[in-house]
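Biologist: Could you walk me through this model? I have the sequence and the coordinates open and would like to go through it piece by piece.

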Amino acid sequence: MAREILYLKISKILEEQIASGTLKTGDKLPSIRAVQKIYNVSLNTVKQAFLELESKSLIDSRPKSGYFVSSNSLRRFSLPSVSRLKLADRKKHPEDLISKVFNTIANKDITQFSLGVPDTSFLPVARLNKGVVKAMQMMEDSGTGYEPVQGSINLRRNVAKWSFVLEGQLTADDLVTTSGAMNAIYNCLLAVTQRGDTIAIESPVYFGIIQMAKSMGLHIIELPTHPVTGVEIDALKKVLPRINACLLISNFNNPLGSLMPGEHKKAVVEMLTEYNIPLIEDDLYGNLFFGATRPKPCKAYDEAGMVMWCGSVSKTLAPGYRVGWIAPGKFKEKVIRQKLLQTISNPALYQEVVADFMENGRFDHHMRGLRHTLRIQCLQYQQAIENYFPENTKISQPQGGFMLWLELDKRIDTTALYDIALKQKISFAPGRMFTAHNQFNNCMRLNFALKWNDKVNLSLKRLGNLVKNQL
Ligand SMILES: Cc1ncc(COP(=O)(O)O)c(C=O)c1O
């Protein structure tokens, strides 16, 4: 704990020096050893502090030369705005637009900035393939039978084992496996809400959540969400008497990439617990952090069992395996009952493959590599956007995950722009997809986990030109 605070203290001092111009773009930072001596801390603490600054794109490491203040530290483009609280129920969800964007997904000729998955080349496909064969051979019935409703014990044990961030609070018995994170959320909503109830969510938010809640007959309150710090807690406080559940993507929200600070998470859990409101926490991006350590989920602050922590391997290993889980806290029995009604059990084979990969497949090694790759990709995409898009473009600054949120000139309608871009074989996710209200019409989400190459660079340049031509 003490070390965690120390490294943040050191990174903050350096951040302030960069902000004030004391350290200028291109300046070399003092060496790790020099900083260690100045603050009388361990080398690891200084390394963590530097990693934190790297994750914010404030410094770059150059092989054998040390750390330098990066040119990105002077972002030309500012952050996107925060939306207003949306309470009114007069809204129209853009189903047609979502279907249109999804219908192009299989087309390989299109540069798919609209996708919500990492490039297959970033995933450990060969190792997973071996795992499938191994799992089939190891399983008594080769994975053909039903498994217990709560899900694979091997998977649950490994998920609990890798949840270091929860500091040993979680055991295999606290978990229920699901068919991905969406199915986890669905089971949670079924367990704690009824038709006609109201839930509070972030805004903008992953469109799947809005569609699902709507199909269940739930009312939705879209809360203002800051691009860096996530949901605005004062707005949530205001609506507490009106809601039956809250659903948050606390770490690297899709599409903003926002990360709720620890103190916000703690405050939210306390507030909701006081009102006896369950929190469904969608934490499927939490392991894709660019900073020194994995951010804690809200679940880490949950003493009363009110947080239903959901995750999956869709963004880190294999979206098609449909392997996910929930730690449902005190709602465990209700969730198990819902799962039995909905799905009976999940395919056992893929759960075993994932469990085996976590146990023997160098999971940690893969995750470190993936995080590093995504951090570099993020910088490449941000730089290209600053080069190719109009000067008044606003862009998010994610500290993890792989989504960028762009706010363009007010005159640009990204739903109309989508059709124009598609003719040039470029797909992105128009902002209107991420809300039930008439807003974010000048915004777009870009996936930066498409492997960087000349085609991606050219597509971003073309997209930037299309935006410029609209002005
Ligand atoms: C925030 C969020 N939740 C859930 C999902 C769906 O996850 P899964 O494939 O594990 O069901 C996505 C996919 O894009 C997402 O971004």
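Biologist: Where is S142 placed?

Modeller: Bearing in mind that this is a predicted model, S142 sits in the loop between α5 (125–138) and α6 (153–162). Although S142 is not a glycine, it has a positive phi of about 55 degrees.

Biologist: Is S142 buried or exposed?

Modeller: S142 counts as exposed, because 12 other C-beta atoms lie within 10 Å of its own, and the cut-off for exposed is 12 or fewer.

Biologist: And F252, what is its phi, and is it buried or exposed?

Modeller: The phi of F252 is near 60 degrees, again a positive value in a residue other than glycine. F252 belongs to the loop between β8 and α10, and it is buried, with 27 other C-beta atoms within 10 Å, where 20 or more are needed for that label.

Biologist: What about cis peptide bonds, which prolines should I check?

Modeller: The bond from S203 to P204 is cis, with omega near 0 degrees, and P204 lies in the loop between β5 (198–203) and α8 (207–215).

Biologist: Switching topic, how is the chain divided into domains?

Modeller: The division gives domain 1 (2–73), domain 2 (95–122 + 365–469) and domain 3 (128–363). Between the C-alpha centres of domain 1 and domain 3 the separation is 34 Å.

Biologist: Which residues are closest to the ligand?

Modeller: The closest are G116, G180, A181, S312 and S314, out of 14 residues that surround the ligand. By class, this shell has six nonpolar, seven polar and one charged residues.

Biologist: Which helix gives the most to that shell?

Modeller: That is helix α7 (residues 180–192), with three residues.

Biologist: OK, and the nonpolar packing, how many residues are in the largest core?

Modeller: The largest nonpolar core has 111 residues, and those with the most contacts inside it are I185, C188, I199, C246, L279, I326 and V354. Helix α7 again gives the most, here with nine residues, and the core draws at least three residues from each of domain 2 and domain 3.

Biologist: What is I326 in contact with, sequence neighbours aside?

Modeller: Leaving out neighbours within four places in sequence, the contacts of I326 include L175, V176, T178, A184, N187 and C188, and also M308, W309, C310 and V335. There is also a second, separate core of 16 residues, with I18, A49, I59 and V69 among them.

Biologist: Now the sheet, what is the strand order?

Modeller: Eight strands form an open sheet in the order β4-β11-β10-β9-β8-β5-β6-β7, with mixed pairing. The edge strands are β4 (176–178) and β7 (230–231), each of which pairs on one side only. Within the sheet, strands β8 (residues 245–248) and β9 (residues 279–282) run parallel and are joined by three bridges, with L248 opposite E281 in β9.

Biologist: In what sense do β1 and β2 pair?

Modeller: Strands β1 (residues 59–62) and β2 (residues 66–69) pair in the antiparallel sense over four bridges, and the bridge partner of D60 is F68 in β2. Their hairpin has three residues between the strands, and K64 there takes a positive phi near 65 degrees.

Technical notes
Residues numbered from 1 in each chain as written. Predicted model: local features only at pLDDT ≥ 70, side-chain atom pairs only at ≥ 80, totals over all residues. Domains from an automatic or database assignment. Pairing = 2+ DSSP bridges. Helix = DSSP H or I, 4+ residues; strand = E, 2+ residues; numbered from the N terminus. Near = placed C-beta within 6 Å. Nonpolar A, V, L, I, M, F, W, Y, C, P; charged D, E, K, R; others polar. Core = buried A, V, L, I, M, F, W, Y, C linked by C-beta atoms within 7 Å. Contact = placed C-beta atoms within 7 Å.
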